[in-house]
Amino acid sequence: MKKDSEILVSIVMGSDSDLPVMKEAIAILDDFNISYEVFLTSAHRSPGRTAKFAKETANRGIKVIIAGAGAAAHLAGVIASQTILPVIGVPIDATSLNGLDALLSTAQMPGGVPVAVMAIGKAGAKNGALMAVRILALYNEDLREKLNAYIKRMAKDIEEKQDKLEW
Ligand code: RP5
């Protein structure tokens, strides 16, 4: 268990059913060796716990929050309304609307309370973590090098796939 002062990113989820999607974010933070916590709270089912978490994050040394939620997803927005930390929202495809509900609920914030919204589902969770890495890399040379290496590796992967492509 990491001490609070060592945790840079908080991954928050509205339900344990969001974990399979949010594992994409966890994998990226592991890759970049960034310390994180995973916190379960719901804007609707546990509003008091969510408010307490949001108000305490900045004082705990957390730098970025990634909030994943599905359905009428208010988690990222409610957290953003109670902290000055950057909040990245990940809409999760949890209902028969396939995440469109969560996308709109997360993105359509009123002016004054920003949430950086990613794509629906696993790509969004992965990009949420990569966005957190980019924010942290602003003040960290080592992370900048890792990010550049990650981007080069993606391009190389495409070239290698081209070489193996059969049609
Ligand atoms: C949201 O409702 C959660 O973030 C989850 O995506 C969705 C469904 O939750 P469960 O009914 O699976 O717990 O608040």
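The shell around the ligand is made up of two nonpolar, four polar and two charged residues. Here Ala, Val, Leu, Ile, Met, Phe, Trp, Tyr, Cys and Pro count as nonpolar, Asp, Glu, Lys and Arg as charged, and the others, Gly among them, as polar. The model is predicted: local features need pLDDT of at least 70, side-chain atom pairs count only at pLDDT 80 or more, and totals for chains, interfaces and linings use all residues. Residues are numbered from 1 along each chain as its sequence is written, and side-chain values use heavy atoms, with hydrogens and water left out.

Gly 14, Ser 15, Ser 17, Asp 18, Arg 45, Ala 69, Gly 70 and Ala 94 surround the ligand (each has a heavy atom within 4 Å of it).

Three of these residues can be followed in polar contacts, that is, pairs of N or O atoms within 3.5 Å. In Asp 18, a side-chain N or O atom is 2.6 Å from an oxygen atom of the ligand. Ser 17 also places a polar side-chain atom 2.7 Å from a ligand oxygen. Gly 70 uses its backbone: an N or O atom there lies 3.0 Å from an oxygen atom of the ligand. On its own the ligand has 360 Å² of accessible area, and the protein covers 72% of this (Shrake-Rupley method, 1.4 Å probe).

Note on methods:
Polar contact = N/O pair within 3.5 Å; in protein donor to acceptor, adjacent residues only side chain to side chain.
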